[in-house]
Amino acid sequence: IFFFQAEDGIRDVERSRGLGDVYKRQGINAEYMGIYILFMVEKKVKDTVGLEIPPFKAVGNYVGASQVGNLLFTSGSIPMKDGKPLALGKVGKEVTLEQAQECAKQCIINALGSAKSVIGDLDQILKIVKLTVYVNAAPGFVNSPGVANGASDFLVQIFGDNGKHARAAVGVAELPLNVPVELDLIIQLKDKQQGFITLTIFLYPVSYTHMTLPTKL
């Protein structure tokens with residue numbers, strides 16, 4: 001019995017968009033073949049913070065992200081949750097460091113929504129290249145890097161070593177809507193023509209083996 005699968009995650013062929021769609025287009029019954037299509041990034045976000053990736057909503061004449069080659073540049077994301085800012089005010093005055101770190105994490109979730117609006121499948125992300133964090137800092141507040149750690153740690157939690165990135169953390173006088181944090185990302189995407197599957201071979205009744213193979217998508 002052969003099972004084609006990625007690493008771990010959602011096993012729902014009907015909701016899948018990756019290999020499942022490829023096999024369906026080729027007339028192969030994915031469920032019959034035992035193909036498990038997995039959304040690792042979105043599953044990790046949901047498992048970590050209990051939230052779905054929100055859809056991108058523009059408030060002006062711009063897009064959520066712009067792709068050039070295999071690089072994706074996201075627009076600035078602020079800590080909106082359920083249509084409301086997670087916090088308001090300046091860090092070091094109305095907003096504590098811990099609250100600002102949570103805002104930075106929410107900004108990452110929203111930035112991933114911006115990325116998804118362009119690439120469709122967040123599992124197309126290969127690496128986080130650069131993170132820029134803007135902190136609405138009270139006079140005298142000099143720990144913008146501490147605020148940015150909320151975003152950086154979350155990226156590594158979601159993407160592992162591929163989430164490690166170059167970074168700038170900048171204190172600014174004001175931000176839109178008086179939110180504490182805004183950020184943007186530069187993301188490297190996988191080669192569109194190259195994917196990977198894991199081939200697991202079950203040798204009935206007691207043993208199995210598996211290997212990871214490249215496959216043209």
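This is a predicted model: local features need pLDDT of at least 70, side-chain atom pairs count only at pLDDT 80 or more; totals for chains, interfaces and linings use all residues.

Student: How many helices and strands are in the protein?

Tutor: Helices (H or I, at least four residues) and strands (E, at least two) are DSSP runs, numbered from the N terminus. The protein has five helices and 10 strands.

Student: What share of the residues count as buried?

Tutor: Buried means under 20% relative accessible area, exposed over 50%, and partly exposed in between (1.4 Å probe, protein chains only). Of the 217 residues, 41% count as buried.

Student: Which residues of helix H3 are buried, and against what do they pack?

Tutor: Helix H3 covers residues 40-49, and its buried residues are Met40, Val41, Glu42 and Val45. These buried residues pack against helix H4 (97-119) and helix H5 (144-159). Just after H3, Gly50 takes a positive phi of about 70°.

Student: With which residues is Ser114 in contact?

Tutor: Contact means heavy atoms within 4.5 Å. Ser114 lies in helix H4 and is buried, with a relative accessible area of 4%. Leaving aside neighbours within four places in sequence, Ser114 is in contact with Phe56, Gly64, Ala65 and Ser77. Across the protein, among contacts between residues at least 6 apart in sequence, 74% join residues at least 24 apart.

Student: How is a pocket found, and what is the volume of the second largest pocket?

Tutor: Rolling a probe the size of a water molecule over the atoms shows where empty space is left. On a 1 Å grid over the protein atoms alone, a pocket is an open set of points where a 1.4 Å probe fits, with protein on both sides within 12 Å along at least five of seven lines; lining residues have an atom within 4 Å of a point. The second largest pocket has a volume of about 740 Å³. Of the 23 residues that line this pocket, Pro55, Lys57, Ile78, Met80 and Asn110 are the closest to its centre.

Student: Which element gives the most to that lining?

Tutor: H4 gives the most to the lining of the second largest pocket, with four residues. Strand S4 (80-81) and H4 each supply at least two residues.

Student: How are the rings of Phe56 and Tyr62 arranged?

Tutor: Rings of Phe, Tyr and Trp (its six-membered ring) pair if their centres lie within 6.5 Å; planes under 30 degrees apart count as stacked, over 60 as edge-to-face and the rest as tilted. The structure holds one aromatic pair. The ring centres of Phe56 and Tyr62 are 6.0 Å apart and the planes are at 70°, so the pair is edge-to-face. Phe56 is partly exposed at 27% relative accessible area, and Tyr62 is partly exposed at 36%.

Student: Where do Leu177 and Asn178 lie, and what are their phi values?

Tutor: Most residues other than glycine have a negative phi. Leu177, in the loop between strand S7 (166-172) and strand S8 (181-189), has a positive phi near 65°. Asn178 lies in the loop between S7 and S8 and has a positive phi of about 65°. Leu177 is exposed, with a relative accessible area of 58%, whereas Asn178 is partly exposed at 31%.

Methods. Residues are numbered from 1 along each chain as its sequence is written. Side-chain values use heavy atoms; hydrogens and water are left out. Grid points are joined across faces, edges and corners, and a volume is the space filled by probe spheres set on the points.
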